[in-house]
Amino acid sequence: MAVVTSARAVGRPRRRDRSRVAGVLLVLPSLLYLTVFVFIPVIKAFATSFTVRDRDDAGNYTYRVGLDNYNQLIASDTLRSNVIFTVFIAVASVAIVFVIAYVIALALRFGRGPSARFLGRIYIVPLFIPSVIASYAMITFLANHGFVDGILQAIGLPDGAFPKIVFDWKGIVITQVWLSLPFMTVLLSSVLLEISDSLIESARDVGASSWQIFRHIVLPLSAPGALIGVTFIFLGVIGGFTVPYLLGPNAPQMLGVSMVYYMTNYFEPYIASTQAVAIFLLSLVAAVYYVRQQFKREIR
Amino acid sequence: MKRWLRPITPIIAALFIVTACGGSTPSAGGSAAPSAAGSAATSAAPEDKELVFYSGGDTNVQDLHTKQIIPAFEKATGIKVTFTFLEHGTGAQGIYDRIKAQKDTGKAQWDIDLWESDTGYYTRPDDLFLQVGASDIPNLAKVPKPTLDFVQNKAIPYRGSSVVLAYNSDKVTNPPQTYDDLLAWIKANPGKFAYNEPSTGGSGDAFVISMIYKYSDYQKYVTQPFSAANEKDWDAAFAALKALAPSLYSKGVYPKGNAGTLDLLNRGEIWMGSVWSDQSTQALAAGQLPKSVKITQINPAFNGGAAYIGITKNATHKQAAMKYLNFLLEPAQQSLIVTGAMSGYPGIDWQYMPSDARTRFSGADKEYRLWPGGTYGQDMQRLWHEKVAQ
């Protein structure tokens, strides 16, 4: 953002030199930061992912350059299912967060009375709870023979009928939804606030039903902002570690967890880097979309 | 939104300050200590009057040395011990490099006498540690030979722990005696046994390693260097583990971490599991596990490991260092390790231990098997994920 603002300031001819220096100075710290902590690691990870390590019978390593790591990512059942699992979890979490957050945001925007006010205060709570704590809470809450199962059994659910949520994909999705909800709701609420009351009232005056107002006015006007929120949640979930580590199944694993295992437990930094590139490419899809939306805003 | 945030801002600011201060303390302690140690080790007398001891690990290791062993040793021998502790092996490589630098520059007297760290350091080809035997340290005669062979006598094992079998004695009256018994029990009691995911804690690894030792000769792993050919035997072991999954907790859910298995035992979800000797004994002492949970060791045993201390090859105070290690291996000091907060196994054989120490691990006061770890360990964990996890 700083880049764009300073570039605009350059337009005036008289103070051109001074503002150019100031602009460079302003950009320099963030550029340095990005270079050291983002660009160089990304390039290193890319380079590492093309390093192939072979081992002889005595455990000595030899190194060469090749595409073997990428072949393995596709050919190995374990690694391939990890990639698919990661995309599945991210898409499922984002879709559910979007629907629930939209309903809450609508209630906050158009709802009146004490229940809407109460909702307005309570929905923000997960934002202040660290994901580790939330994950452990979910385990005791949703585990088989956990809190919820206990209550259901007390009112007649047979033992063993409670579905497996913890140590399963469902556990990851539920916890990610719970953690992401406040952010998405805050974002959607501000988007919905931008839609003026007069627009909705005039639609109502000409006889539009609530559904028509939602379908033809609220939804289209909130879509761009909402999709930016979706992008952020997608990025957060796809690179997550804590929640899938604590609540996920032993296999398949999400890429964040699998990457750590390959790096620290299996001593396979080359496969780990290849998985990092996979996460990077998946995130890139979302990032490109986000940048394009921002670009459109700048034009406006 | 804003009204919500305003009262919280000072709290967040306070948290930042607290974490910032907390982070600075250990580094301050770490930087002050080496200079003190350096000045202590300057002169060498025929009769050593001091000893420089570097150690790392958890705070319970620090407490054991500083509060119990060192004061008793100083009182008994009059030797002054300078003890430097680095928590959780932080800077272990730095200490190693410091010792190596003294070798490389040809110094005749090195300024660190004793070093306690990860086992792998003692046998590195740099050859920085003194090979010791019972003639130097008489109590070494009481130490089981395999644990000394494991480090080529270049360090002495003074405490240990192993994986044991924990069981709920309300439900299990006759715990299995062998690994095959255990496998039969698991099949006969579906859903009542769990071992944790190997990558997340050693007590899970031990169950898998026992299966590997069932299909592959144990001696190959403790007496020979790494050979990838041995891993060909593992396919049968992993197939057997995969076949066992439907009989395990939740039809093949592997809890995360050593604590995961203890948690399932505590909640009564499982009746049996593989756990660490020290962790389970501490949990029992703290009331975190019901009294009905008991531990036992199968035969041949699950694997375990020892913590080692090595004497540097050109230590300035070699005699004092040997005295300290001999003192540490006395049954009296070994009992402190077993019955104290550490709940460790002794470094010497159980048969030399007093009976009150043995009763703490009654049923599991036995020798354990070893596992070389390293490349074998990395491969075992990866292959388990590829071939067993579901």
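Guide: What follows takes one chain, its partner and then a few residues.

This is a predicted model: local features need pLDDT of at least 70, side-chain atom pairs count only at pLDDT 80 or more, and totals for chains, interfaces and linings use all residues. Residues are numbered from 1 along each chain as its sequence is written, with chains lettered from A and ligands numbered from 1 in the order in which they are written.

The part is chain A. Chain A has 13 helices and 2 strands (DSSP runs, H or I of at least four residues for helices and E of at least two for strands, numbered from the N terminus). Its C-alpha atoms fill a box of roughly 80 × 80 × 30 Å along the principal axes. Chain A has 300 residues, and 28% of them count as buried (20 or more other C-beta atoms within 10 Å; exposed is 12 or fewer, partly exposed lies in between, and C-beta atoms are placed from the backbone). Now take its contacts with a separation of 6 or more. Residues 24 or more positions apart account for 67% of them (a contact means C-beta atoms, placed from the backbone, within 7 Å).

Next, the partner. Where chain A touches chain B, 18 residues of chain A take part, along with 22 residues of chain B. On the chain B side, the largest share comes from helix α15, residues 374–387, with 6 residues. Chain B itself carries 15 helices and 9 strands. It has 390 residues, 43% of them buried. In chain B, residues 24 or more positions apart make up 76% of the contacts with a separation of 6 or more.

Back to chain A, residue by residue. Start with Q72(A). It sits in helix α3 of chain A, which covers residues 68–75. Q72(A) counts as partly exposed because 17 C-beta neighbours lie inside 10 Å. Set aside its neighbours within four places in sequence, and Q72(A) is in contact with L79(A) and I271(A). Y266(A) is 194 residues away from Q72(A) along the chain, yet their C-alpha atoms are separated by 15 Å.

Now the loops. Go to H145(A), in the loop between α6 (131–142) and α7 (147–154) of chain A. H145(A) is not a glycine, but its phi is positive, about 65°. It is partly exposed, because 14 other C-beta atoms lie within 10 Å.

Further along is F167(A), in the loop between α7 and α8 (169–193) of chain A. Its phi is near 65°, a positive value in a residue other than glycine. F167(A) is buried, because 23 other C-beta atoms lie within 10 Å.

End with a proline. P252(A) belongs to the loop between α11 (242–247) and α12 (255–265) of chain A. P300(B) is in the loop between β7 (293–296) and β8 (304–311) of chain B.

How values were computed
Contact = placed C-beta atoms within 7 Å.
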